[in-house]
Amino acid sequence: MLELKNVSKYYYSKGIITTGLTKINLEMKMGEFIAITGESGSGKSTLLNVISGLDSYEDGEMYINGKETSHYTEKDFEEYRRKYIANIFQNFNLINSYTVYQNVELVLLLNGYKKRQIKKKVLDIIEQVGLTKFKNTKVSKLSGGQKQRVAIARAMVKDTPIIVADEPTGNLDSESAKDVIEILRKVAKDKLVIVVTHNLEQIEEYATRIIKMHDGRIVENQEIKKVDNNIKVEESKYFKITLINKYRLGIRNTFNIFSKFVLLFLVFFFIVSAIFLEYGSFKLYENLSSKTSLYSMMFDDISENRIIIKKSDKTYFTEEDYKKIKNLSNTDYIVENDLFIDRIFSFEADTDDYSYMMYMSGNINSIDNFEGALDIGRMPENDNEIVVIASKKHSLIENKLDEFLNTEFTIGEVNISNIKVVGVKYSENDNDYNFKIYVSNNMIETLRGYINSTMCDLKIIFEENQINTDMYIRLLPNKEVEKGKVIIDSAIASMISNKSVKNKSLSINVSNIYYESTIDLKIDNTYTKSNFKKLTGLSKYDENRYVIFMNEEDYNSLYYKPSYQSSVYIKNVEEIETTMQELKNLGLIPKKASDYAIDNYGMSKQILRITTVIVTIIVIFVLFFISYFIIRIILASRKTYYTTLRILGATYKNVRRILDIELFINSSIAFAVSLILIYLVRANIIELEYIKNITDFIGIKEYVLMYLVLVVMSRLISRRFSKKIFKKTAMNTYKEEV
Ligand code: ADP
Ligand code: MG
C-alpha cells in the first residue's frame, strides 16, 4: 500500500539545515497495525506527516499503491489525504465550539454528503466509540479520553484505508489510553493503522509490526505478525461540497461562539454607522448650505425648481417648443426671457427734498405673470404704470407710501422715465428688501433688448478698422435719429479719426453665444455738451457719454431677437432628474440652476458632491483596512478551526466560501439592526435629532448601495484571510498553532 524508498527530509530554518528523516526505507501493507517508537526528536512525527501528505519530502520516493509521489503538488496531496488518510493527533485537534455530533459530522459535510446519509452514519460511529450520551455536548466540556474518542470517531467516519495516529494516548491517563487503543484496534481491521507511541506496552499485544526510530533513521523494523496480503484498498468516497452544507457550516460558525459573533457584529455595525454618518453629514451640510448661504456668480435665482434650457442646435425657441415643454407633467411654468430672472433693475426718482433720491430695485416680470390680489392701489392701465410686490417693512412702504405712489421713476440704464407705481402687494417675506416689479409687455420688450445688448460683444468697424470699444461705448435707441443713421459722441469721433467723420460709414457688429448680427450705418452727426439736447431730445449729457445713438428700428434689428435661453420651473423637485431627461429628449440642453450655486466658503455644489464621493471612498478604504485588521485579530483564534478543516480535506475554495457565508450573515445582521435603529429614530421612539436629520437625505438607493459595499467588503476580508491561511502548508500552519 505505502512504500518509502530512501526518503529524506530536511528542515531549513534561519539558514540552518536539520535532518528530519534520513534514508527511510519502509513498506506498509493493508491490515497492518504498525507501532512506531523512539525517543523525542527522533523523527516519528516527521515520518507520519510525510506519510499523511501533510509535509513534503526532499529526497527518495514514496509510492502510494505503486504510484510515485515525488512530483505531487499541494493539490495532489490534498486529494490523496481525502481519499486515503485520517489523522489522529496527540492534542485531539477537535473543534471545541462544536458538539461531538458536529465534530464527527464535519468531515461528511465537507465531503458533500447529504443530511439524510449523514445522520445514521454519525450516530452509529458515536455509538461505537461509546459517546452516545454526549453526542450533543460541546467538545470543550469532555475529558481527554473522551476527546480522543471523538477524534477516532471522526477518523472512522471518514472511512479511509489508512489511519495515522501521532501519540494518541500522549495526553491521557492509563485507563483512558487503554480504551482508546482498544477502539483503534477494532477500527484497524482491514485498514492500515500507524500509531506513534512512547508506551510500547500498551500496544504491543496488537501490533503487527514495531518500528524504532533514532535520529531520523529507522533502527529497528520488526514484523510480529504476518497479515493477509489480499485486503483490497477502498478509497474514501467524497463529493463536491454542496451549497446547503456550506450554508449549514457558515450559519453554524456565525453563532457558535457568542463572543466572536458579538465582536464581528460590532465591527460591521461600526462600518455601517461610520459610512452612514459620514455620507449623511455631507448631505446634510449640502442641504443646509443651500438653504442659508448659497449664491451664484451667474444666476440670481438658483432655486431647486429652476432648470435653465437652451436648444442643442443653438437655434431660438419657437412657440412649438414652448408648447412641448408646457406639456411635460412636471412643468409648472416657463420664463421665456430667463435673462430677466437674474437681472436686477434699479428705479430712481428725484424728490422735492434734494437731500435724497427715491430708490427701489428688483427683478422685473411681465404684468401677465402677476398673481394674487393687491394690498394697495390698482392694476396698471397703461405702459408707464407698474405694480410691485414689496416688504411691508420697506421704508418706502412703511413711511413714505404717499410720496412713493406719486413719484415718477426712471430706469437710468435704459433711459425709460415717467414710470408710476400704481399698486402694491405685500411680500410674504418681511425681510426681503428686493422688490418684484411687474411691468407692461412693451416695457419688457425694451428691457429685453437692453439686457441682450449687455450680453453681447460689440464690434465697431470704421473704414475697415476695428475700433477698440472697450467697455464704455454703448449703443442706445433714440427717437430723434433717422433710420440708417447714427449720432455719436464727439469723443468717439475724435477717437476713430482726426478728420471729420460726418456722412462716413460705420459698421456695427454684435454677437453672443447664440447669434451674430451686423448693420451698416451713416454717421449723421456728432454731439457735444452744447448740442446734446437738440440732437437727442435728452437732458442728461453727463450720463450719456460715449454713446452711439441709433434709430429704434435699427437698434431693434440688432438686439430684439427671440429667446435662445429660457427657464422651466418645475412642480416637484424630487422628480427633477426625470424632467431633465424629458427635456433632453426634446432636443434641449437642461442645466439645474442649483448646480451653479456656491456656498459661503466658495465651494460649489458640484465640488461638494465630488468631495462627498471622494471622502466616502476614502472612508470606505480606511474602514476596510481597520476592520480587516480587527477581524483578523478576532478570527486569529479561529485559525485552528480553519487549519483543522484543511487537515480534514477542505479546499481553499471551501474554506473561503464558509467564511464568506459567516461574514455575510454577520454583516447582514449588523445592517438589519442599523435599519431597525434608523426606523426607531425616525419614528421618534429613540430621540437622536442629528441622526434623524441625516436620515432625511438617505434614500433607498443609498441604503442598497451601502449594503452592497458592506457585502463586498466582507467578501474581500474573507478572501484576504483565507489567502493568509493557505499561504503556508497545512502542517506549518498547524504547528504554529500548537
Ligand atoms: P518526534 O516526533 O520523534 O519527537 P519530530 O519528527 O517532531 O520528532 O522531529 C524530528 C527532528 O526534526 C527534531 O530534531 C526536530 O527538532 C526537527 N524538526 C521538526 N519539525 C521541524 C521544523 N518545522 N523546523 C525545523 N526543525 C524541525
Ligand atoms: Mg512527535
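Start by selecting Lys-246, Tyr-247, Leu-249, Gly-250, Ile-251, Asn-253, Thr-254 and Phe-255 in helix α8, which meet Arg-657, Ile-658, Ile-661, Glu-662, Ile-665, Asn-666 and Ile-669 in α20; contact here means heavy atoms within 4.5 Å. By class, this α8 contact with α20 has eight nonpolar, four polar and three charged residues. Nonpolar covers Ala, Val, Leu, Ile, Met, Phe, Trp, Tyr, Cys and Pro, charged covers Asp, Glu, Lys and Arg, and the others, Gly among them, are polar.

A quick word on the ground rules: this is a predicted model, where local features need pLDDT of at least 70, side-chain atom pairs count only at pLDDT 80 or more, and totals for chains, interfaces and linings use all residues. Residues are numbered from 1 along each chain as its sequence is written, and side-chain values use heavy atoms, with hydrogens and water left out.

Now show both helices whole: α8 is residues 243–256 and α20 is residues 652–682. Helices (H or I, at least four residues) and strands (E, at least two) are DSSP runs, numbered from the N terminus. α8 and α20 pack at an angle of about 55 degrees, with their axes 8 Å apart. That angle makes α8 oblique to α20; under 35 degrees is roughly parallel, over 145 roughly antiparallel, 65 to 115 roughly perpendicular, and the rest oblique.

Next, pick α22, residues 700–727. This helix has 28 residues and reaches 41 Å from its first C-alpha to its last, close to the 40 Å expected at 1.5 Å a residue (1.5 Å times one less than the number of residues). Its buried residues include Tyr-703, Met-706, Leu-710, Phe-721 and Phe-726. Buried means under 20% relative accessible area, exposed over 50%, and partly exposed in between, with a 1.4 Å probe and protein chains only.

Hop to Thr-208, in the loop between α7 (200–204) and β9 (209–214). Thr-208 counts as buried because its relative accessibility is 7%. Leaving out residues up to four places away in sequence, Thr-208 touches Gly-31, Glu-32, Phe-33, Gln-222, Glu-223, Ile-224, Lys-225 and Val-227.

Step into strand β9 for Lys-212. Is Lys-212 buried or partly exposed? At 39% relative accessibility, Lys-212 counts as partly exposed. Its C-alpha is separated from that of Gln-222 by 8.6 Å.

Last stop: His-394, in the loop between β16 (385–390) and α11 (395–398). His-394 is buried, at 13% relative accessibility.

Terms used:
Chains are lettered from A and ligands numbered from 1 in the order in which they are written. Axes are lines fitted to C-alpha atoms, for helices over the stretch in contact, and angles run from 0 to 180 degrees between N-to-C directions.
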